[in-house]
Amino acid sequence: MGGTILKVKINIPPHGANILKRPHILKKLEKDLTADRVFARPLTLVSAPAGSGKTTLIRNWLAGRENRAAWLSLEESDNEPNRFWIYLLSSLQTLDSRLGKGSMDLLRSLAQSSEAPVASETILTPLLNDLLAMDKPVILVLDDYHLINNTRIQKDVIYFVENMPPQLHLIAATRSDPPWPLHRWRAKENIMEIRQMDLTFTREETGRFVTEIKGLHLDETQLDSLYKKTEGWITGLQLAAFSLRTSKNKEAFIESFTGSHRDVFHFLSEEVLARQPDPIR
């Protein structure tokens, strides 16, 4: 990597304007999260399809804690183990430049040599020890984790999670469940899970979103129809609201708003279908 870090990947994204407040989900994220000033569980998994509001939810939850939160936006190019961990360490070092310095020095040395890979424990142990020595708990967000499919990275992350000190809490946002031992972690109460059913808007939230956030005036029948057609899918509602602003006949638009509507189709084509292997597409 030559020491080059794309800093936008390790910056917490800006807090969006006009975000619908959803206190019940934030309350679920907080439930039994901390005990004695450290984290009671190591992991929160936010797993739901594209356009479900995963990133928005996490960013909203971090409001007011930005000074003790680190963020890494993942890409397909992060499927190389050294690159993955250098970026993860770089995100943590936005909180403290000394954090994981031993691990970072080792990773950069390996990146510039042709030596055989060293054991994951050798790389991660200095970082884990540094985390244990921290005097305040911190949160690390891995966004778009579904883009990681490297087997070595998956094994390393499992080792990392299972040996994390209570000073760190990991939040992973993904479109599909990673190959982690989720059943084991559930049995040990080491994980909180936010799923599509949690993120989907209720009928009441749909009405608030359309009226308060988007400034649209629909009658109850129109709102009911829009809610049924989108099934509370956040991006579907966003796209519908965008079109409704310029629609001359709102009732006719809502009636015709389906999965074949061009805005929905374009979103699915770009964000979902284009990312699938040929046989699935």
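## Sheet and helix packing

V46 stands opposite I194 in β7. The model is predicted.

User: What makes β3 and β7 count as paired strands?

Analyst: Pairing needs at least two bridges between strands. Four bridges join β3 (residues 43–47) to β7, so the pair qualifies. The two run parallel.

User: Why are β4 and β7 said to stand at the edges?

Analyst: The open sheet has five strands in the order β4-β5-β6-β3-β7, with parallel pairing. β4 (69–73) and β7 each have a single partner strand, so one side of each lacks a neighbour in the sheet. Twist averages 15° from one strand to the next.

User: Which way do the residues of β7 point, and what are they called, buried or exposed?

Analyst: I191 and E193 point one way from β7 (residues 191–194), and M192 and I194 the other. Side chains in a regular strand alternate between the two faces of the sheet. These β7 residues are all buried, which means under 20% relative accessible area.

User: Which strands does helix α1 lie across?

Analyst: α1 (residues 23–30) lies across β3 and β7, at about 160° to β7. Helix α2 (residues 54–61) also packs on the sheet, and its direction makes about 155° with that of β6.

How values were computed: Residues numbered from 1 in each chain as written. Predicted model: local features only at pLDDT ≥ 70, side-chain atom pairs only at ≥ 80, totals over all residues. Heavy atoms only, no water. Buried < 20%, exposed > 50% of the residue type's maximum accessible area, 1.4 Å probe, protein only. Axes fitted to C-alpha atoms, helices over the stretch in contact; angles between N-to-C directions. Contact = heavy atoms within 4.5 Å.
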